[in-house]
Amino acid sequence: MKKHAVFIYSEDQLGYKFSETHPFNQKRLILTIDLLKEMKALPEALIVPARTATDEELLLAHDQRYIDIVKKASRGEVTPEAGEGYGIGTEDTPIFENMHEASARLVGGTLTAVDQVMEGKAEHALNLGGGLHHGFRGKASGFCIYNDSSVAIHYLKEKYGARVLYIDTDAHHGDGVQWCFYDDPDVCTVSIHETGRYLFPGTGNINERGSGQGYGTSFNFPIDAFTEDESFLDIYRTAMREIIEHFKPDVILSQNGADAHYLDPLTHLSSTMEIYREIPKIAHELAHEFCDGKWIAVGGGGYDIWRVVPRAWSMLWMEMNSQPLPHGKLPEAWLNRWQAESPVPLIETWSDPENMYKPIPRKMEITEKNQQMLDKALYMIRNQ
């Protein structure tokens, strides 16, 4: 019997760990799963173990020489100086023991999600360990060694002949995925992100539209720093419907970074938990309307692992599994268990406090700039 949604997870996904102090911290997976279990929202029957991607599968989106270097680095056979040309051994993406195996496991989790959906075992599948959207064919970047979404999209095309819509709502531009499919007419990449004027990786301009046969299949919506919920969601709702009606995909793959939140330490947006209620809800609706329900979701960024990521990702899963999204207070047992370890006071409710930040003095100007950007993007969609 087909399940509504499955949750891809194996404990060894926690092995993707650069250091104790690195901002990319997979403890957020533990916190999220624990929160979902306290909510009785994640029965064991819906958890599917993540497999490890094979070298052949990694080669769908990465060069053999790069994979070999990552393997050598995993064994301590590459110095940071030698690895720097491949993006490893840097401050962002340090070398760590067994990094190849850990990275291949995250990719395998996303491929597991793909097979669950495309083989009809589940309508939707979630791999929160994935979403490493900055990885390139021959280079690591921005905490990302292998790019699980790029591998998965190639896999969807080659194994299932699918036309894929990739949606990225991480605060950082989904550059690795975009450039991988920039000239591919069967893959549409959409990224709503903080403008690159202030934030890594500095790309994702509105005029990055694709090239060759893929022209018109890349869409970028760079929003201004300090953008709030209303403007973010207006762009997302409007753009996604226009794009999906235009592109007509077979399946949606969404990257769900949780770093557009006001409390995220690495970004400059002013969103609240409200966007993490609405983003998956809209994706869910579009998947059923246009793709016979086929929806694969992955994680991504999210660096306030205590106050933001567990709530955001729990609501993503509950939406995928058609469970009522929670309101009110978080489970007391979860709050008590983790508050002693948290370096900051936990937010005790599913919604954010109204006074979380002071009013943004440039709100009207920011909203107008975002609207102008959206209008320009929509004009290009309608007239290409």
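1. By class, the residues that line the largest pocket divide into four nonpolar, four polar and three charged. The model under review is a predicted one, and the volume of this pocket comes to about 210 Å³. Its lining consists of Thr195, Arg197, Asn205, Ile206, Pro222, Ile223, Asp224, Lys369, Asn370, Gln372 and Met373. Two elements, strand E6 (218-223) and helix H12 (363-382), each contribute at least two residues to the lining of the largest pocket. Helix H12 gives the most, with four residues.

2. The largest nonpolar core contains 78 residues, and Phe7, Leu165, Phe221, Ile243, Ile252 and Trp317 have the most contacts inside it. Helix H8 (residues 229-247) provides the largest share of this core, namely nine residues. As a general remark, nonpolar side chains in soluble globular proteins tend to be buried together.

3. Phenylalanine 221 deserves a point of its own, as it is among the residues with the most contacts inside the largest core. With neighbours within four places in sequence left aside, phenylalanine 221 is in contact with Val190, Ser191, Ile192, His193, Ile235, Ala239, Ile243, Met373, Leu374 and Ala377. Of these partners, Ile243 is likewise listed among the core residues with the most contacts, and Met373 is one of the residues lining the largest pocket.

4. Glycine 129 is placed in the loop between strand E3 (122-127) and helix H6 (148-160). Its relative accessibility is 2%, so glycine 129 counts as buried. Leaving aside neighbours within four places in sequence, its contacts are Gln13, Gln26, Leu29 and Leu106. From glycine 129 to aspartate 148 the C-alpha distance is 9.6 Å, for a separation of 19 residues in sequence.

5. Phenylalanine 226 is found in the loop between E6 and H8. Beyond its neighbours within four places in sequence, phenylalanine 226 is in contact with His268, Leu269, Ser270, Ile360, Arg362 and Ile366. The C-alpha atoms of phenylalanine 226 and isoleucine 95 are separated by 33 Å, and these two residues are 131 residues apart along the chain.6. Serine 270 is placed in the loop between strand E7 (251-255) and helix H9 (274-290). Its relative accessibility is 0%, so serine 270 counts as buried. Leaving aside neighbours within four places in sequence, serine 270 is in contact with Phe226, Thr227, Glu228, Asp229, Ala260, Tyr262, Tyr357 and Ile360. Ile360 is also a contact of phenylalanine 226.

6. Lysine 248 has a positive phi of about 55 degrees although it is not a glycine. This lysine lies in the loop between H8 and E7. Lysine 248 is exposed, because its relative accessible area of 57% is over 50%.

7. A cis peptide bond joins phenylalanine 200 and proline 201, with omega at about 5 degrees. Proline 201 is found in the loop between strand E5 (187-194) and E6.

8. The count of disulfides is zero. Cysteine 180 is in no disulfide, and the nearest cysteine sulfur, belonging to cysteine 144, is 13 Å away. The relative accessible area of cysteine 180 is 23%, so this residue is partly exposed. Cysteine 291 is likewise in no disulfide, with the nearest cysteine sulfur, that of cysteine 188, 11 Å away. At 3% relative accessibility, cysteine 291 counts as buried.

Terms used:
Residues numbered from 1 in each chain as written. Predicted model: local features only at pLDDT ≥ 70, side-chain atom pairs only at ≥ 80, totals over all residues. Heavy atoms only, no water. Core = buried A, V, L, I, M, F, W, Y, C linked by side-chain atoms within 4.5 Å. Buried < 20%, exposed > 50% of the residue type's maximum accessible area, 1.4 Å probe, protein only. Contact = heavy atoms within 4.5 Å. 1 Å grid on protein atoms, 1.4 Å probe; cavity = no way out; pocket = protein on both sides within 12 Å on 5 of 7 lines; lining within 4 Å. Points joined across faces, edges and corners; volume = space filled by probe spheres on them. Nonpolar A, V, L, I, M, F, W, Y, C, P; charged D, E, K, R; others polar. Disulfide = S-S within 2.5 Å.
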